[in-house]
Amino acid sequence: MSDKLLCDFCGTEISNDSEFCTKCGTIFIDDVSCFNHSDVEAKGVCAICHQAYCKRCGLRINGIFLCNEHSHYEIYEGMARVFGSSDAQKVNLYKSDLEQSNLHPFIYERKASPISLGGDDYTLFRASGDSGGHIINEIKLMVPCSEVLQAEKIIDELDQSTPETT
Ligand SMILES: [Zn+2]
Ligand SMILES: [Zn+2]
Ligand SMILES: [Zn+2]
C-alpha cells in the first residue's frame with residue numbers, strides 16, 4: 001500500500017490520511033459538517049481558510065472550493081490574487097517581501113486588450129466584481145490559496161508603512 005493518493009477531483013497528490021484536498025477543497029471523509037451549520041453536511045473545504053462549508057456557505061469556482069467570504073478572490077491554477085497594481089516596481093517589491101516570509105508568490109501579467117474581454121483568456125479570470133477598466137493592465141501578485149491570509153497580512157502592513165502620499 002502506498003501512503004500517497006491522488007485527489008479524484010483535481011489529481012493533486014495527497015497523503016492517505018488527509019481529510020481533504022488542500023488544493024481544491026474536496027472532502028474525503030464522511031460526516032463533516034458545515035462550519036456555520038453544524039447539522040448540515042459540508043460540501044467542501046475552503047482552499048483559503050480551510051474551514052468546511054455546506055453548499056449554501058461555499059461554492060466551487062474553477063474547480064476550487066471557496067467559502068462565500070473568500071469566493072471573491074481571483075483564482076488561477078490554484079493561485080489566488082492578493083494584490084494588483086499597474087506599478088510593476090511595487091508589485092515586485094511586495095513579491096520579494098512575501099518571499100522573505102517564506103511564501104511562494106508569483107507575478108501574473110495578463111496581456112489583454114479590451115477586445116479580448118469575454119474571450120477564452122478572460123474567462124480564466126473572474127472579474128471579481130471589480131469591473132473597472134483599470135483591471136485590464138493590472139499586474140497581479142498571486143500566492144497559493146493556502147498562503148492568502150498570511151500574504152494579505154504582510155501586504156496590509158506594507159501598505160500602512162508606505163503611504164501613497166505624505
Ligand atoms: Zn483536489
Ligand atoms: Zn474561506
Ligand atoms: Zn453552511
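What covers the buried residues of helix α1 includes β8, β9 (106-109), β10 and α3. That's a handy way into this predicted model, whose protein chain has three helices and ten strands. Start from the N terminus and the elements run β-β-β-β-β-β-β-β-α-β-α-β-α. The chain has 166 residues, and buried ones make up 27% of them.

**Helix α1**

- The buried residues here are V91, Y94 and L98. They cover an arc of only 65 degrees around the axis, which puts them on the same side of α1.
- How does the length of α1 work out? At 1.5 Å a residue, its 13 residues should span 18 Å, and the end C-alpha atoms are 18 Å apart, which agrees.
- K90 also sits in α1. This residue counts as partly exposed because 16 other C-beta atoms lie within 10 Å, which falls between the cut-offs of 12 or fewer for exposed and 20 or more for buried.
- K90 and I139 are 49 residues apart along the chain, yet their C-alpha atoms are separated by 9.8 Å.
- After α1 comes N102, with a positive phi near 65 degrees.

**Helix α3**

- In α3 (148-161), the buried residues include V148, A151 and I154. Seen down the helix axis, the buried residues of α3 fall within an arc of 130 degrees, so they line one face.
- What do they pack against? The buried residues of α3 meet β8, α1 and β10.
- On the face of α3 turned away from its buried side, look for the exposed residues K153, D156, E157, Q160 and S161.
- The length checks out here too: 14 residues at 1.5 Å each should span 20 Å, and the end C-alpha atoms of α3 are 20 Å apart, which agrees.
- V148 touches I48, Y73, A80, V82 and V143, leaving aside residues up to four places away in sequence.

**The core between the domains**

- The largest nonpolar core holds 32 residues, and the members that touch the most others are C46, A47, I48, L66, A80, V143 and V148.
- Which elements give two or more residues to this core? They are β4 (52-53), β6, β8, α1 (88-100), β10 (139-144) and α3.
- Why does the core lie between the two domains? Because domain 1 (1-71) and domain 2 (75-161) both give residues to it.
- In soluble globular proteins, nonpolar side chains tend to be buried together.
- Take the contacts in the chain between residues at least 6 apart in sequence: 44% of them join residues at least 24 apart.

**The four-stranded sheet**

- Four strands form an open sheet, in the order β7-β8-β10-β9, with antiparallel pairing.
- Which strands are at the edges? Those are β7 and β9, and each pairs on one side only.
- β9 and β10 run antiparallel and are joined by four bridges.
- Across from F106 you'll find M142, which belongs to β10.

**Two loop residues with a positive phi**

- Most residues other than glycine have a negative phi, which makes the next two worth a look.
- N62 isn't a glycine, but its phi is positive, about 50 degrees. You'll find N62 in the loop between β5 (58-61) and β6 (64-67).
- Is N62 buried, exposed or in between? N62 is partly exposed, because it has 15 other C-beta atoms within 10 Å.
- E77 isn't a glycine either, and its phi is positive at about 50 degrees. The loop that holds E77 lies between β7 (75-76) and β8 (79-85).
- E77 has 13 other C-beta atoms within 10 Å, so it is partly exposed.

Note on methods. Residues are numbered from 1 along each chain as its sequence is written. Chains are lettered from A and ligands numbered from 1 in the order in which they are written. This is a predicted model: local features need pLDDT of at least 70, side-chain atom pairs count only at pLDDT 80 or more; totals for chains, interfaces and linings use all residues. A nonpolar core is a set of buried Ala, Val, Leu, Ile, Met, Phe, Trp, Tyr and Cys residues joined through C-beta atoms within 7 Å. Domain bounds come from an automatic or database domain assignment. Two residues are in contact if their C-beta atoms, placed from the backbone, lie within 7 Å. The expected span of a helix is 1.5 Å times one less than its number of residues. The arc is that of the directions from the helix axis to the C-beta atoms. Two strands pair if DSSP finds at least two bridges between them.
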